[in-house]
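Here is a short briefing on one protein model. It covers cores, helix packing and a few loop residues.

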Amino acid sequence: MMEDRYARQLWLPEIGAAGQARMAQTRVLLVGVGGLGSPVAQYLVGMGIGTLGLVDDDVVSVSNLHRQILYSEQQVGQPKVACAAARLRGLNSEVSIEEHPGRFTPEVADAMLASYDMVVDGCDNFATRFAIDEACARRGIPYIYGAVCGFEGQASVFHYGDHPHTYRTLHPDKDAVLAMPHPGKAVIGMTPGVVGCVMATQVLQLATGAKPSLAGQLWTIDLRTMEAHTFQLP
């Protein structure tokens with residue numbers, strides 16, 4: 001069965017049977033199953049990640065549907081975690097999907113992360129990102145970061161190996177950041193799709209034992225011009 005489902009990626013020397021076996025043992029927690037979380041979840045489940053935990057406290061709304069590709073009109077008003085889990089189990093029954101309805105907060109962070117190997121950031125607010133960052137620092141596990149606004153997006157990997165970089169490398173003053181107004185929710189559907197795919201690729205590299213290409217670096221893209229840049233983090 002594995003040879004049929006994963007044949008196209010098994011042919012790649014970067015994955016092969018050994019990499020596929022490593023993926024099947026990897027446990028990933030995805031915080032937020034919205035615009036970024038939808039493509040991340042679909043590609044991780046499609047490629048055969050072992051376990052995917054889903055964290056979200058929201059319900060599906062009509063305004064989600066132009067970018068949150070896990071959902072349908074028939075699911076408006078229903079909890080995202082339950083809808084996403086049903087869709088993902090239908091995509092790949094070999095993957096274990098774990099549901100965590102609710103918010104990722106400092107109070108629940110350590111208990112929630114206890115059984116996971118890495119965290120993927122699919123959220124849309126600063127407070128949750130700081131909570132993820134601090135929890136990953138305590139547990140010593142990687143944090144795959146992504147953010148979008150309008151036509152622009154960025155991604156990185158924090159808390160990896162000997163790299164000292166964290167979310168505070170981007171935003172050192174937590175109090176000042178939390179006091180800022182929300183940057184707004186204007187976005188085209190393709191922006192989280194592109195950035196989410198980049199984030200899923202970082203998970204793939206970590207899961208197969210390769211160094212994630214964005215460890216210590218910040219990748220950015222502007223879909224208006226198709227300019228992409230990678231910056232070395234200080």
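A nonpolar core here is a set of buried Ala, Val, Leu, Ile, Met, Phe, Trp, Tyr and Cys residues joined through side-chain atoms within 4.5 Å. Buried means under 20% relative accessible area, exposed over 50%, and partly exposed in between, with a 1.4 Å probe and protein chains only. The largest such core has 40 residues, and L44, I49, L52 and L54 touch the most other members.

This is a predicted model, in which local features need pLDDT of at least 70 and side-chain atom pairs count only at pLDDT 80 or more, while totals for chains, interfaces and linings use all residues. Residues are numbered from 1 along each chain as its sequence is written, and side-chain values use heavy atoms, with hydrogens and water left out.

**Cores**

- Helices (H or I, at least four residues) and strands (E, at least two) are DSSP runs, numbered from the N terminus.
- A second, separate core has 25 residues, including V119, C123, I132 and V177.
- Contact means heavy atoms within 4.5 Å.
- Leaving out residues up to four places away in sequence, L54 touches L30, V33, V81, A84, A85, L88, I97, E98, E99 and H100.

**Helix α4 and its end**

- Helix α4 is mostly covered, with 9 of its 11 residues buried.
- Those buried residues are G37, S38, P39, V40, A41, Q42, L44, V45 and M47.
- G48 follows α4 and has a positive phi, near 95 degrees.

- Axes are lines fitted to C-alpha atoms, for helices over the stretch in contact, and angles run from 0 to 180 degrees between N-to-C directions.
- Angles under 35 degrees count as roughly parallel, over 145 as roughly antiparallel, 65 to 115 as roughly perpendicular, and the rest as oblique.
- α4 and α10 pack at about 40 degrees, with their axes 8 Å apart.
- That angle makes α4 oblique to α10.
- A crossing is left-handed if the near helix is turned anticlockwise from the far one by less than a right angle, and right-handed if clockwise.
- α4 passes α10 in a right-handed crossing.
- From α4, P39, V40, Y43, L44 and M47 meet P192, G193, G196, C197, M199, A200, V203 and L204 of α10.
- For class, Ala, Val, Leu, Ile, Met, Phe, Trp, Tyr, Cys and Pro count as nonpolar, Asp, Glu, Lys and Arg as charged, and the others, Gly among them, as polar.
- The contact of α4 with α10 has 11 nonpolar, 2 polar and no charged residues.

**α4 against α5**

- The axes of α4 and α5 come within 9 Å and cross at roughly 30 degrees.
- That makes α4 roughly parallel to α5.
- The crossing of α4 and α5 is right-handed.
- A41, Q42, V45 and G46 of α4 make the contact with R87, L88 and L91 of α5.
- By class, the contact of α4 with α5 has 4 nonpolar, 2 polar and 1 charged.

**α6 against α7**

- Helix α6 (residues 106–113) and helix α7 (residues 126–139) pack at about 45 degrees, with their axes 10 Å apart.
- That makes α6 oblique to α7.
- The crossing of α6 and α7 is right-handed.
- P106, A109, D110 and L113 of α6 make the contact with A131, A135, C136, R138 and R139 of α7.
- The contact of α6 with α7 has 6 nonpolar, no polar and 3 charged residues.

**Loop residues**

- Most residues other than glycine have a negative phi.
- H159 has a positive phi, near 60 degrees, and is not a glycine.
- H159 sits in the loop between β6 and α8 (167–170), and at 16% relative accessibility H159 counts as buried.
- M226, also not a glycine, has a positive phi of about 65 degrees.
- M226 lies in the loop between β7 and β8 (227–232), and at 56% relative accessibility M226 counts as exposed.
- Q75 is in the loop between β2 and α5, and Q75 is buried, with a relative accessible area of 17%.
- Not counting residues up to four places away in sequence, Q75 touches V60, L70 and C83.
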